[in-house]
Structure formats: structure tokens, C-alpha cells
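Have the viewer open as you read.

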Amino acid sequence: MRPRIRVLRPAELTESDRAAWTGLQSRAWVCGSPSLANPFLSPEFTLAVDRFRRGVRVAVVYEDGAPTVPAAFFPFQRTALGVGRAVGLGLSDCQGLVHRPGFQWDAQELLRACRLAVWEFDHLLEGEKPFEIGATGSYPSPVIDVEQGYQAYLRYLRGHAPKFVRTTLAKERKLDRDAGGVRYVHDERDPTVLRTLMAWKSAQYRRTGRSDRFARPWIVRLVEHLFHTRGTQFAGQLSVLYAGGRPVAAHFGLRSERVLACWFPAYDSAFGKYSPGLALHLRMAEAAAANGISYLDLGRGEKEYKESLKTRELSVSEGWVTRRHPVAVGHLLRRAPVRAARNAVLARPQLHSNADQLLKRLGRLRTGR
């Protein structure tokens with residue numbers, strides 16, 4: 001028999017539904033699917049996005065034989081025409097269907113129940129076979145493993161990147177001497193520091209020619225809402241490195257019971273010579289290990305600092321699953337060429353370097369530097 005699927009607005013989820021969703025994430029960790037424990041897949045993230053964006057829905061899936069116990073939750077966004085997107089597409093670093101171990105589903109059947117002609121994703125977690133058939137590419141998402149403790153991680157780094165460790169720790173000691181003391185706060189609750197971080201990040205986006213996410217009011221409001229979201233299973237977390245009593249580097253991310261998803265790191269460019277962002281990440285790893293976190297997910301994207309910090313990589317995919325529908329055809333005709341062109345640039349180091357330099361020149365023009 002086909003599974004029963006209920007499609008709800010996030011606010012229509014009962015406390016029992018949310019507890020079942022969180023329970024699936026917790027059990028997935030011990031059952032060999034730790035990626036499902038990512039905070040971007042939590043009910044809290046979907047509920048938060050629903051506050052600021054239209055069309056957010058959740059498909060609750062029940063199996064025959066257990067008609068009252070959800071087997072899976074599928075969060076998505078939908079337009080009036082039936083174009084579906086992962087919740088927070090372009091912002092979220094992990095997407096997919098949260099399910100019990102061994103659960104099987106039919107992507108076409110799920111899309112039909114959700115009234116979707118197409119569902120687009122750009123950070124699909126590994127192992128979601130029914131969706132992976134629509135993947136157009138897979139990409140590494142570096143992580144920092146701290147389940148064995150910070151000292152074990154530091155030993156790993158010293159064996160694999162000894163110069164990086166020596167240089168980063170030496171620069172932090174010099175910052176401590178020059179600025180009059182370094183202090184780290186793992187879970188800062190001062191909202192003014194969050195605004196400082198967003199200002200730094202906006203400046204970084206403009207300086208490097210990227211689109212400024214914090215120029216979009218809904219993203220600012222989403223981050224501020226998540227900053228005030230506190231729970232044992234999910235929380236927004238602001239980590240800050242202070243020098244001489246002032247913030248010099250900060251990071252805002254999301255935490256589940258076992259995973260810290262890194263999201264928005266930035267630093268005061270006036271202190272750039274000290275590499276405070278790297279020192280901050282080492283401090284974050286140390287404190288995360290002490291607080292029971294198993295790994296920090298640095299997110300998709302090739303960055304030098306990620307290569308230096310990582311212990312291994314996860315794999316995430318981008319693409320779309322479709323039904324036979326004219327809306328799906330139109331969506332792919334519009335989106336596929338743009339995505340293909342971007343990925344062609346990213347796949348070729350010389351083209352990527354040239355594009356990066358061009359963006360930075362545009363950024364200098366935009367900022368008048």
C-alpha cells in the first residue's frame with residue numbers, strides 16, 4: 001500500500017509532530033545516519049523560515065502498519081504554480097527528507113502528494129537515493145571531527161598541517177600581547193555583537209564582489225530570530241573572539257544536539273594580519289568538543305581555511321527531481337543553463353581564479369577602494 005502523506009503548514013504541526021521529527025534526528029545519529037542530525041533539517045529551522053517566507057510546507061509521511069507514527073518529514077517551499085525548492089534554498093547547508101532508518105520512498109509519489117512539478121535542491125545530504133537520481137553534481141562539505149576531544153583534533157592537525165597550527169597559534173599569542181588580552185565567548189548573548197558580525201559580513205560580501213545577503217531584510221530578521229531561538233535540541237549560536245575588550249572575529253551558526261553547522265563567519269579587517277578568524281575556529285572546535293558536539297560542518301565551498309581546518313568531507317548534491325509537467329520543463333529551461341555555467345567556472349581552477357579576481361575588482365569599485 002502507498003504511504004499516507006499529510007501536507008501541512010509548519011504552524012499546523014502539533015507538539016507530538018515536532019517531537020517525532022526531533023526524535024527521528026536523534027535516532028538517526030545512533031543508527032548510522034549522522035547527517036540527518038544537521039540543524040538545517042530541524043523543525044525549528046523550517047518554522048523560522050516560515051515566519052519570513054511564503055509557501056513553506058511540511059509533508060508528514062506515515063507507513064502502512066503505523067498510521068499514527070510519522071516515518072518521515074519532508075520540508076519544502078512551493079509557489080502557486082507548483083515549483084518547489086528546498087527550505088531556505090541558497091541559505092541552508094543541508095537539505096532532504098528526515099526519516100526513520102531504512103525508510104524507502106518514491107520521489108514521484110511524494111512530489112505528487114505535495115503538488116510539486118519540480119523540487120530543486122543545492123545541498124542534498126548524501127544517501128537520499130530517490131532524490132539523488134536528479135542530482136546534476138556532488139560537492140565536498142568539509143567537517144571538523146571533535147567527537148574524540150579537542151586534543152585529538154589538535155594532534156590530527158599537527159600531523160596533517162603543522163605549519164598552519166604553528167602559525168595560527170603564534171598569531172593568536174601576538175594578538176594577545178599587542179591588544180592587551182584575548183578572550184573567547186562560545187555562546188555570546190549580546191545582540192549588538194550579532195549586528196557587528198552582520199556589518200562585517202556585508203562589508204566582506206561587497207569587498208569580494210558577492211551578493212550581500214544582509215542587504216535583504218528578511219535574512220536579517222531570520223538570523224535575529226534564530227539568534228533568540230534556544231533549546232536543548234536546537235539553538236542559534238554566536239561565538240566571538242575578543243581582543244582588548246573588543247570583538248575581532250565572530251561566527252553565527254546553528255547547533256543541534258551533536259552537530260554545529262557553521263554559517264556566517266567574519267572578522268574585523270583591521271586585525272586581518274593576526275588571522276583572528278582561524279583562531280576563532282580553533283576556539284570553537286575546542287568549546288564544541290567540551291559541550292558534546294561531535295563535528296562542526298564547515299559547509300560546501302572550496303576555501304583555503306576549510307582545507308586547513310577539516311578532518312574529512314561529507315558530500316552534498318545539487319539538482320532537481322521532476323514530474324512530467326510543463327511547469328517542470330519551463331523551470332529547467334530557465335535554471336539549468338545558469339547553474340551549468342556557474343559550475344563550469346567552479347570546476348576549472350583558472351576560470352575560477354579569473355572570475356574571483358573580476359568579482360574582487362568589481363567589489364573595489366563598488367566600495368570606492
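Start with Asp-212, whose side chain makes a polar contact with the side chain of Ser-202 at 3.0 Å. A polar contact here is a pair of N or O atoms within 3.5 Å; within protein, one must be able to donate a hydrogen and the other to accept it, and residues adjacent in sequence count only if both atoms are side-chain atoms. Before going on, note that this is a predicted model, where local features need pLDDT of at least 70 and side-chain atom pairs count only at pLDDT 80 or more, while totals for chains, interfaces and linings use all residues. Residues are numbered from 1 along each chain as its sequence is written, and side-chain values use heavy atoms, with hydrogens and water left out.

Back to Asp-212, which lies in the loop between helix H7 (191-207) and H8. Helices (H or I, at least four residues) and strands (E, at least two) are DSSP runs, numbered from the N terminus. Leaving out residues up to four places away in sequence, Asp-212 touches Ser-202, Tyr-205 and Arg-206, where contact means heavy atoms within 4.5 Å. Asp-212 has 15% relative accessibility and counts as buried; the cut-offs are under 20% relative accessible area for buried, over 50% for exposed, and partly exposed in between (1.4 Å probe, protein chains only).

Beyond residues up to four places away in sequence, His-251 touches a list of residues including Leu-197, Gln-237, Trp-263, Phe-264, Leu-280 and Met-284.

Two of those names come back in the aromatics: Phe-40, Phe-45, Phe-214, Phe-227, Phe-252, Trp-263 and Phe-264 form one aromatic cluster. Rings of Phe, Tyr and Trp (its six-membered ring) pair if their centres lie within 6.5 Å; planes under 30 degrees apart count as stacked, over 60 as edge-to-face and the rest as tilted. By this rule the count comes to 18 aromatic pairs. Phe-74 and Phe-76 have ring centres 5.4 Å apart and planes at 25°, so they are a stacked pair. Phe-74 is buried at 0% relative accessible area, and Phe-76 is buried at 0% too. How do Phe-227 and Phe-252 pair: stacked, edge-to-face or tilted? Their centres are 6.5 Å apart and their planes at 55°, so the pair is tilted. Phe-227 lies in helix H8 (residues 217-227) and Phe-252 in strand S10 (residues 246-256), so this pair ties together parts that are 25 residues apart in sequence. Phe-227 is buried, at 1% relative accessible area, and Phe-252 is buried at 0%.

Rings also meet charges. Arg-4 lies over the face of Tyr-62, at 4.2 Å from the ring centre, and the charged end of Arg-312 sits over the ring of Tyr-295, 5.4 Å from its centre. The test is that NZ of Lys or CZ of Arg is within 6 Å of the ring centre and within 35 degrees of the ring normal.

Now find Gln-77 in strand S3 (residues 66-78). Gln-77 is buried, with a relative accessible area of 12%, and a polar atom of its side chain lies 2.8 Å from the backbone nitrogen of Gly-88. Setting aside neighbours within four places in sequence, Gln-77 is in contact with, among others, Val-49, Arg-53, Gly-84 and Gly-88.

Finally, zoom out. The secondary structure comes to twelve helices and 13 strands, and 51% of the 369 residues count as buried. Among contacts between residues at least 6 apart in sequence, 72% join residues at least 24 apart.
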